[in-house]
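Subject: Structure for you to look at

Hi,

Here is the structure I said I would send. Please open it alongside this note.

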Amino acid sequence: MDFWLKDEQKMLRYNIREFAEQEIAPVAMELDEKEEFSCDLTRKMAKLGLFGIYVPAEFGGAGMDYLSYIIAVEEICRIDGSHGATVAAGNSLGIGPIYYYGSKKQKNEWLPRLCAGEILASFGLTEPNAGSDAGASKTNARLENGQWVVNGSKIFITNSTSKMAGICTVQAITGTKGQKVGPYGSIETKEVSCILVPNGTPGFTTKKMTKKMMWRSSDTGELYFDDCRVPEENLLGKRGEGFHQMLQTLDNGRLAIAAMGLGGAQGAYELAMKYAKARKQFGKPISTFQINAFKLADMATEIEAARNLLYKACYLKDQGKPFGKEAAMAKLYCSEVMGRVTNEALQIHGGYGLMKEYNIERFYRDYKLLTIGEGTSEVQRIVISRRIGCFETD
Amino acid sequence: MNIIACVKQVPDTEAQIKVKADGSGIEEGQIKWVMNPYDEFGVEEALKLKEKNGGDVTIVCVGPARAMETIRTALAMGADKGVHICDPAFDNADAFVVANALAAAIKALPHDIIFCGQRAIDDDSGQVGAMLAEALNLPQLTLVTKLEFAGSSVKVIRPIEGAQLSIETALPAVVTCQKGLNEPRYASLPGIMKAKKKPVDVKNAAAIGVATDAKARVAKTVPPPARPPGKIICGDEPAQKAAELGKLLREEAKAI
Ligand SMILES: Cc1cc2nc3c(=O)[nH]c(=O)nc-3n(C[C@H](O)[C@H](O)[C@H](O)COP(=O)(O)OP(=O)(O)OC[C@H]3O[C@@H](n4cnc5c(N)ncnc54)[C@H](O)[C@@H]3O)c2cc1C
Ligand SMILES: Cc1cc2nc3c(=O)[nH]c(=O)nc-3n(C[C@H](O)[C@H](O)[C@H](O)COP(=O)(O)OP(=O)(O)OC[C@H]3O[C@@H](n4cnc5c(N)ncnc54)[C@H](O)[C@@H]3O)c2cc1C
């Protein structure tokens, strides 16, 4: 076993930590308060190379391994969840499907611009009536005169509406496959494909979703497709592979959501530790009261366990081994650890923790997305229980 | 254009410095090491010159094995190659030894302009840049906050009390960088990957042919004395409090 990070991973962690502390920390609270997505800061993140971290240099990426990407997300979320979301969704959901399933032509067309941060890509899966049960989606595309005609709508789509939003990978029903019914819906009856739809295509409109509780400076949108036509060649990979592509994209994406939980937990823990050592009550720093010391000890322990689980899952992926079960476990565990850590970290701040002036309340809110997005905690438990064989009875 | 930037690895500004029990130096175990912030200005200015006028940037560093990390950081920012002068004989080097080692390494390289930080934030001696210029017999432009390149010469601004000097000199020259010169860039992720493949020449004292005997010897390192507690002057009358303050400043603190 070797637990040491590579030199480049150490350098990346240090650099991104510096960047997050110098560039993101001073504005995070204000952007959250105003519910504002910052193109300026997103471009700065792009300049640092935060989009396309695992994409090879020939397409404009950094050519690093997946663990490096995960460390980058962790370090940004140590300071701010919203900006971590922009990066995580940009890489896992935006760039990922195009890089993994795109044709040479599609990759050459989109990846350099995405890696340079000229534009952002989004991944349109969730619909108003199809969340956990993604197979129940209704958005469809029919082929007509060499063009896909897309109709339907999507909801909660990250990086889809800002000035920087450039393209969306849309999951759509492109036909029927048969009548088999799966355990959680009628997923296998439909032929599902992914189609690339550039923002600005006639018939494709977006609407920014506001009044979010968390990730307030991340861009979330509703998408509407009304006889939206794109060339037939905008199909991603093969027709009918959309469901499979989506499952794999989510496996990858779970690692990044886990990294958000880990980084957020680390940030909240550090805030709590600093506060507990500085705050005096009954004549002593509150960190020296055993109940608080033990809370901090539990946080440090859970964070260490979460980091080891997540890094192991990344290691498996980087070695080309199956990692789906470990990714689901890491997503479930890291996000729930962040929940426990932010709860106690806020508690340690007492009344001040409830005030916006102390960053901890933002961590407390931002955590909540992590047990819901990219597969709820319940769905992770379904995935894990399937993989460990709970349903294989005779 | 052949540009040289000298870098030193120093403890992070936020590091908690602990002096060794025997006073022979500082405890290095827990320290995070970084590039001297003033050297970052030098690397940035070197990269800007290269981007505008072409050429290449060589990083030269005297330091122990761990200093390689700092050289790689400069390469990740965009420098082209490095020279690492690494020898246990330099462990107790003073500014004189370091300046001579840098000079010996730089003499072997083509050089039009050489950047140093105006001082290093660890020992704060501020001598290496000036000594390096002397050792190379080159003009020195110190504490520079603005630099304009004009073919075979440079024009710089150096702030002095209440005014600023504008100085021009023919190249080659040594420039020491002061805060305000530029905003050093972050090493980008693709830059970090490219840096892995850039060449760094590691040389010991014998290879560059310099003496390692220091002129100055650190006799003992001691932590700064604990600060005595402050004094609060109580009372309701401002005039009375001011008088008391004046008296204390004169008689007790002997400041006026
Ligand atoms: C800020 C934000 C950003 C997002 N970004 C994207 C994006 O970029 N792209 C995208 O496609 N989607 C995105 N989503 C959508 C997200 O993936 C969904 O919200 C998530 O999958 C849950 O779906 P739902 O909200 O419809 O909840 P539902 O599926 O309706 O779930 C409601 C509750 O029922 C539970 N439940 C559902 N089915 C089961 C079951 N079989 N067994 C047990 N319990 C079950 C769930 O666990 C949950 O607790 C985003 C969401 C948010 C809030
Ligand atoms: C919205 C709001 C309304 C309020 N309204 C009023 C009001 O009307 N009138 C009023 O007087 N006050 C009011 N308060 C103040 C409130 O009662 C205090 O915030 C509360 O008593 C906690 O004190 P603190 O915030 O200073 O936290 P601290 O006392 O600093 O506590 C910080 C943390 O340390 C822990 N801790 C402290 N001492 C010990 C110990 N000995 N052993 C173990 N753990 C310890 C605490 O449990 C907590 O987790 C209000 C606060 C808020 C946020």
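Below are the notes on what was found in it.

This is a predicted model: local features need pLDDT of at least 70, side-chain atom pairs count only at pLDDT 80 or more, and totals for chains, interfaces and linings use all residues. Residues are numbered from 1 along each chain as its sequence is written, and chains are lettered from A and ligands numbered from 1 in the order in which they are written.

Domains of chain A

Chain A has three parts: domain 1 (7-115), domain 2 (120-241) and domain 3 (244-387). These bounds come from an automatic or database domain assignment. The C-alpha centres of domains 1 and 3 of chain A are 20 Å apart. Between these two domains, 23 residues of domain 1 are in contact with 24 residues of domain 3 (contact: C-beta atoms, placed from the backbone, within 7 Å). On the domain 1 side, α1 (7-34), α3 (66-77) and α4 (81-101) of chain A each give two or more residues. Helices (H or I, at least four residues) and strands (E, at least two) are DSSP runs, numbered from the N terminus. The largest share, nine residues, comes from α4(A). That side has twelve nonpolar, five polar and six charged residues. Ala, Val, Leu, Ile, Met, Phe, Trp, Tyr, Cys and Pro count as nonpolar, Asp, Glu, Lys and Arg as charged, and the others, Gly among them, as polar.

Ligand 1

Ligand 1 is surrounded by 22 residues (near: C-beta atom, placed from the backbone, within 6 Å). The closest are L125(A), G131(A), S132(A), T376(A) and E378(A). Domains 2 and 3 of chain A both give residues to this shell, so ligand 1 lies between them. At least two shell residues come from each of α4, β1 (120-124), β3 (147-158) and α10 (377-387) of chain A. The shell splits into eleven nonpolar, nine polar and two charged residues.

Chain B against chain A

Chain B puts eleven residues into the contact, and chain A puts in 16. On the chain B side, α2 (68-77) and α5 (189-195) each supply at least two. α5(B) gives the largest share, four residues. The chain B side holds seven nonpolar, two polar and two charged residues.

One residue in α5 of chain B

A195(B) sits in helix α5 of chain B. A195(B) is buried, with 23 other C-beta atoms within 10 Å (buried: 20 or more; exposed: 12 or fewer; partly exposed: in between; C-beta atoms placed from the backbone). Leaving out residues up to four places away in sequence, A195(B) touches R72(B), L75(B) and A76(B).

Best wishes
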